Amino acid sequence: MGKTGQPAWAKRILKLLEQAKAKDSDFARFGAYRHQYKLSPPASEETIQEFEAREGIRLPEEYRDFLLFVGNGGAGPYYGLYGVETGKKELHDSHGSRLYRVPEEPVIYPRMSDEDWDRVADLEGRRKGEEVYPYVGVLPIGSQGCTFMTGIMLAGPYRGQVVYYDEDFCGPPFFVREKGFLVWYERWLREVIAGYSDEEIGFGLNLDGNPGQLMELYEQTENPEERIEIIDSCYKFETLPGKQKTYFKKACAQESNMEVRMKLIKMLARFHVPGMAKEIEKLWEYGAYAEAVSIITYEGTWEVKEAWYERVFGILPRLQRQGFRDACHTIRAVKDYPNVHGGRLRETLDRDDLDRNDRIALFHCIQGLKGKEEVLDYFLDYLSTEDDPTLLIYAVWCTEGVKDRQLQELYVRLMDKYRTHENAKFDYKGSQMVLRGGACMGASRPEGQLTSNLMRQFDYFGLDYRGGFKLLMDEDRWKEWKRQNGFGES
């Protein structure tokens, strides 16, 4: 049992939780179907002390009190919060043990530059197979899906602050603005109750406040970076009230900073403020192609996409990062047009200035197009040389449905390479767990996901998901399957 004599703040949180559950009764908010706004019973003092002694740490007081007085895991942002036992498992399974050294002094901090992050994450060392530990002093307290995590700082000047980070080290961590765990948690409840969306940005990545409060913040600052942050934070609203539409449209007409003005145009188009679609041509004239493409992609009607997609094709070689990814989304959206096919992206595939996320967006685009056979030569080479399992996941998915023996042979070679990786084995063990309705737990780690995607190209070898994984893990059965299907030894 947790501590008796529940304090007023804990009762307030539980009351807000009930209101949040009533607001999102169909669990439409991201991750809500997993936790369903339910908390586990509070932890006992003895349970927490045992965990702290084992790990050699002292939990931040607000998080510790939450576990003691409110709940030992359950309802929370994204897929919810870990309890003490789940947190222990996350720290000590084969994957987590390579990431976390919780008693040590943290090395991450807010607003890290890319250069500082690259130094801490030591990309070069990882390429050589060396182990790196950028998340020392961080305790994982929840999952956001895939390799994205929620953690809490255990030491240093940011002790007790919630941090978002990627276990694949793809970029610097994000420290939420709230200094303590409870303020962050209560803000989540307030935003659920208010009906704010977390689909476009994700909870906690934007500024707190309702439309009126954000408008007041905008009026109070002339700093372009602060204004952009305020504009981006408006995307959590399902609708923008008329007063704010009028104010921001006037601010857009008067704004002299082009970056801020472009952000305003995009935001106002998102909320269907009249006249914003006309601004696309102005952005194009300014050379603000990425911003124009963003409006075409996310805020433009079908008529806008139809009118602009050929110009998007034309500007694609000059786009990078988010602008490039948005262009890929627009091209995929018009995939049914006769002149939209995989072959038109052949030269784009050969670009050497695309980062990891750019290439993933490109693969996702091609996956939805007709004529994928036109770029088969590229993928035969790419699947033979790429070592990043995450990129391989998307490349395999991209080539799904293409009938080619060389491609199938490559799939088999990749299965031979990754099927016995420790992370694939971990996901194989997970596949033995039967969830509600008899559905099996899917792969969650890059090597396991890649193996799963490769299996799907052969319809799980004529078996169900668990059966296919079991065949792969059985050396004799796997060799026999290859022999029967003419793949020989890889």
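1. By class, the residues lining the largest cavity are eight nonpolar, two polar and no charged. Here Ala, Val, Leu, Ile, Met, Phe, Trp, Tyr, Cys and Pro count as nonpolar, Asp, Glu, Lys and Arg as charged, and the others, Gly among them, as polar. The model is predicted: local features need pLDDT of at least 70, side-chain atom pairs count only at pLDDT 80 or more, and totals for chains, interfaces and linings use all residues. Residues are numbered from 1 along each chain as its sequence is written, and side-chain values use heavy atoms, with hydrogens and water left out.

2. The lining consists of 10 residues, and F51, Y63, G83, V84 and L139 lie nearest the cavity centre. Helix 4, helix 5 (84–92) and strand 1 (138–145) are the elements that give two or more residues to this lining. Helices (H or I, at least four residues) and strands (E, at least two) are DSSP runs, numbered from the N terminus.

3. The largest cavity holds about 60 Å³ of space, and a search of the whole structure finds one cavity of 30 Å³ or more. A cavity is a set of points, on a 1 Å grid over the protein atoms alone, where a 1.4 Å probe fits but cannot get out; lining residues have an atom within 4 Å of a point. Grid points are joined across faces, edges and corners, and the volume is the space filled by probe spheres set on the points.

4. Helix 4 (residues 61–69) and helix 8 (residues 181–194) have axes that come within 7 Å and cross at roughly 60°. These two helices are therefore oblique to each other. In the contact (heavy atoms within 4.5 Å), E62, Y63 and F66 of helix 4 meet F181, L182, V183 and Y185 of helix 8. Six of these contact residues are nonpolar, none polar and one charged.

5. For helix 10 (residues 224–233) and helix 12 (residues 258–270), the axes come within 10 Å and cross at roughly 10°. Helix 10 and helix 12 are therefore roughly parallel to each other (angles under 35 degrees). Residues P224, R227, I228, I231 and D232 of helix 10 meet E259, V260, K263, L264 and M267 of helix 12. That contact has six nonpolar, no polar and four charged residues.

6. There are 40 aromatic pairs in the structure. W184 and F203 form a tilted one, at 6.1 Å centre to centre with 50° between the planes. Rings of Phe, Tyr and Trp (its six-membered ring) pair if their centres lie within 6.5 Å; planes under 30 degrees apart count as stacked, over 60 as edge-to-face and the rest as tilted. W184 lies in helix 8 and F203 in the loop between helix 8 and helix 9 (211–220), so the pair ties together parts 19 residues apart in sequence.

How values were computed:
Axes are lines fitted to C-alpha atoms, for helices over the stretch in contact, and angles run from 0 to 180 degrees between N-to-C directions. Angles under 35 degrees count as roughly parallel, over 145 as roughly antiparallel, 65 to 115 as roughly perpendicular and the rest as oblique. On a 1 Å grid over the protein atoms alone, a cavity is a set of points where a 1.4 Å probe fits but cannot get out, and a pocket is an open set with protein on both sides within 12 Å along at least five of seven lines; lining residues have an atom within 4 Å of a point.
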